[in-house]
Amino acid sequence: MYALLYVDRYLRDTPLTATVPKALATELRSGCQVVFSPASNRRKNVLAYVESIQAEPDPESSPEGSVVDILNRGIPVLTPVTMGLALWISDYYMTRPIEAINALLPAPLKTTVQDIVEVPAFMLRTLDRRIISTQLRRDILSLLQKQKKLSVRQLERRLGKKNLYRTLAVMERGGFVELKKKFSSSAPKTRTAYRPAASVDPEDVRRALARAPRQLEAFNRLLEAPEGHLFAGGQQLSHQALNALAEKGYAEKITVELQSSYSTGFSEPPKIIARLTESQQQVLFAVRNAFRHGSFRTFLLHGVTGSGKTMVYIELLKEVLEAGRNAIVLVPEISLTPQTASRFRQHFGDRIQILHSAMSSREKYEAWQRLRNGEARIALGARSTVFAPLENVGAIIVDEEHDPAYKQDRTPRYNGRDVAVMRAKQEQAVCVLGSATPSFESYHNAEQQKYTLLELPERVDHAEMPVIRLVPMRENRRLTPSLSEVLYLQIKQRLERDEQVILLQNRRGFAGSVLCGECAHIPLCPHCHIPMVYHARHSQLRCHYCGHAALFSKTCPTCGSNDLIYRSSGTERIAEELGELFPGERILRMDVDTTSARGAHAMILKEFHDKQARILLGTQMVAKGLDFPDVSLVGVLMADIGMNMPDFRASERLFSLLMQVAGRAGRASIPGEVYIQAYNTDNPLLAHVLGGCYKSFYRQEMEARRDLHYPPFSRLIALEFTSPEERGAERSADEFIGMLERHIPTEACTLLGPAPAGRARLKDRYRYQVLIKLTTHRLSSGLLKQLQYELMRRWQHQQLSVTIDVDPQNLM
Ligand SMILES: Nc1ncnc2c1ncn2[C@@H]1O[C@H](COP(=O)(O)OP(=O)(O)OP(=O)(O)O)[C@@H](O)[C@H]1O
Ligand SMILES: [Zn+2]
């Protein structure tokens, strides 16, 4: 027998043939993970995946080695559907099948170093020699009896024998051994927390701390902590203050076990929703009918912010589970939307498996196994959750389908949303793409009847859409560099009424750049040649692309002048300005810098949810899915950020950001208002935002896209040529265009470039781009890949790397 295999680290486009020994033949199935032993070097075993099994060898390819062992107890790690997806991805996104396969399996499954064998406790007593039929099995058992636990590697070494997995799996089925994975973090995760000391009277403590405001505040917050304790390092709760409290005996240090896998660190009391609204029911009815029909169909659910899309998903999934089928829910980034995840969890309990990037290897591995063996029936998580090892999937939901986070920015550069549609097709499932601001691609597909459009034009419970107002910054009095008097008064009013405010500034750090008023010098990143961002807290300049950091000095490094101008405020500076305008008010800041610690997002959102703070300031993170009833005001500090980016999707992105953040206001009984500060008030996009109308914006933008043949009127393939040598990057791109033109008719596509990329140099590499616009034809994946390899081979001396990005989301 022969198997066609995709072998790890063998960068090939087609599977290779391997012989299968008789002993393995009955167990081997397609999708199995196996050990491949190449004929050229018998000792160099590699992991591989079985594409298919054949009785006869391929007449064109002779066997290159053999399958010597089967992993994962012979249970295929790829189902026919996920194998099909991997092959589709490698073809559509022009990568190698093994790269796609590796992308869809969790890391712990792709290594055998943690594999261990144990003897189950009872076996130690009841070893029955008659059952242990072979010498090898007896040897294994006697070794294990001495050691109780050995890694598979150790076992192999001691026995001087390799490829024991199949034997071990047979022995495991007989109950003689247990095969496990050992993870370094075997102990449950814990964290130090603080709680008020039991023996003290809060009033005494408050008096004693009258002169230590930080400690006093920390103590007050401990008293109010919902779970009775707080962790250090969260917003403004410094280790120092808490330690001081502990030393004085006012607080106690305790160790708290962190909840595992599904927990996102955010929870809220369940909300009882008696019944769906009329429009929710209509939408549910349409999707449910398609589901009952049992055939593939994709819906685009265009529902305004706060229209109750989540409840529709939940009701649909209830029916899917009842019908005995399974489901997948994709969200852009789970840490940013813990609220959505927790609502699903409330309804489905253990039947849902939440996949979280902050999970440990062990948690990831266990979650994967739970889905593979049917213990959990809904997988919810970010884009890679589309590969969940579930069988018989009946529905796939993609929440906030417009979000660019669905696109993976490394090989394979797939879009989770598009893979979701492909998977639904292969599973004969319904697929629901939901958004208040659908991507143009999806809306166009709906107009073309490829998707079925469903709408939720109103908010639930008669909540009104927020009123949106523009604040032209040139004409308005400013109280600080970033805050107009108008917005200030609005914030003040909300605080007086004890309502909440969300403020958006889509730039982090203190100042986007620092300009010398004397000599006009701007510090640039030495690796990327773009302005370094000033971070006041660490007194550092940082490059936001490569992370390079340098010490900030208050004098200009070239002329020594003290006259430095801080341009383009970031969240850090705005937090400082707000602190001055609203002394004593706690301001939560949410951006990449404040959320790097595990669980930090959830902590900030929880504090805001519990009204321990009334102002939440942040980057685009604050625009995502938050559903807090007391938020009555949303302020955008500078809508101009992102207006003039050289990317044809810049307007679409900004429109959707503004609409999404506006949508956080007035979601319950308190009406919402939105104030948008902008300099460039003529930008037509703003008029559409003020009108709150997606369709009018879509129509207008689509005209421009049609004229310029941009997606959805064409398909784009972006190629990037990078090299430490500028010449190499540019010339190879040129050569590529020449080669491509020789291979394809000119009318098949438009070629743009080569041109330096939006960020022409990143991390010491020069970047040149070529953009292929395909209006009618398709390009064969094989041709482009062949040209790619050819070029990399020819320009090896300049360390050229060429990446192909199909349907690129980011042209910078
Ligand atoms: N039928 C209903 N009756 C009462 N309240 C409801 C109903 N359906 C949903 N809600 C509530 O309405 C609020 C908004 O719902 P949800 O968060 O699902 O909106 P959404 O459409 O996802 O909005 P966004 O696009 O802004 O994320 C939630 O608090 C939800 O609990
Ligand atoms: Zn840099």
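Modeller: Start with residues 290-456, a span that is 37% helix and 22% strand, with its end C-alpha atoms 18 Å apart. This is a predicted model.

Biologist: Which feature does UniProt place at residues 290-456?

Modeller: The record, an unreviewed entry, gives "domain: Helicase ATP-binding" for that stretch. Read such a label with care, since annotations may be inferred rather than shown by experiment.

Biologist: On to the ligand. Which residues come nearest to ligand 1?

Modeller: T305, G308, K309, T310 and M311 do, out of 20 residues around ligand 1. Then ask which element supplies the shell. Helix α11, residues 309-322, gives the largest share, with three residues.

Biologist: Next, the annotated cysteines. Which residues does the "binding site" annotation cover?

Modeller: UniProt, again in an unreviewed entry, lists C516, C519, C556 and C559. Check sequence spread against spatial spread. These four span 44 residues of sequence, yet they cluster in space, with a largest C-alpha distance of 8.6 Å.

Biologist: Where does C556 lie, and is C556 buried or exposed?

Modeller: C556 is in the loop between β24 (549-551) and β25 (564-569). For burial, count C-beta atoms within 10 Å; 20 or more means buried. C556 has 21 others in that range, so C556 is buried.

Biologist: And where is C559, and how many C-beta neighbours does C559 have inside 10 Å?

Modeller: C559 also sits in the loop between β24 and β25. C559 has 13 such neighbours, so C559 counts as partly exposed.

Biologist: Which residues does C559 touch, beyond those up to four places away in sequence?

Modeller: The list is C516, E518, C519 and H521. Now run the exercise for C556, again leaving aside neighbours within four places. C556 is in contact with C516, E518, C519, H521, S561 and L564. So much for the cysteines.

Biologist: How many residues does the largest nonpolar core have?

Modeller: That core has 123 residues. Look for the members with the most contacts inside the core: L5, I328, V329, L380, A395 and I396. Another core lies apart from that one; it has 53 residues, including M473, L483, A602 and L616.

Biologist: Take L380. What does L380 touch, not counting residues up to four places away in sequence?

Modeller: L380 touches V329, V331, A341, F344, I352, I354, L355 and T385.

Biologist: Let us read a sheet. Over how many bridges do β3 and β4 pair?

Modeller: Four bridges, in the antiparallel sense, between β3 (residues 33-38) and β4 (residues 46-54). Strand β3 also joins β5 (residues 65-70) through five bridges, and these two run antiparallel. V35 has L47 as its bridge partner in β4, and D69 as its bridge partner in β5.

Biologist: One last site. Where does G672 lie, and why is G672 counted as buried?

Modeller: G672 is in the loop between α19 (650-662) and β29 (673-678). G672 is buried because 25 other C-beta atoms lie within 10 Å.

Biologist: What is G672 in contact with, leaving aside neighbours within four places in sequence?

Modeller: P466, S632, A665 and G666. G672 and Y365 are 307 residues apart along the chain, and their C-alpha atoms are separated by 44 Å.

How values were computed. Residues numbered from 1 in each chain as written. Chains lettered and ligands numbered in written order. Predicted model: local features only at pLDDT ≥ 70, side-chain atom pairs only at ≥ 80, totals over all residues. Buried ≥ 20, exposed ≤ 12 C-beta atoms within 10 Å, placed from the backbone. Contact = placed C-beta atoms within 7 Å. Near = placed C-beta within 6 Å. Core = buried A, V, L, I, M, F, W, Y, C linked by C-beta atoms within 7 Å. Pairing = 2+ DSSP bridges.
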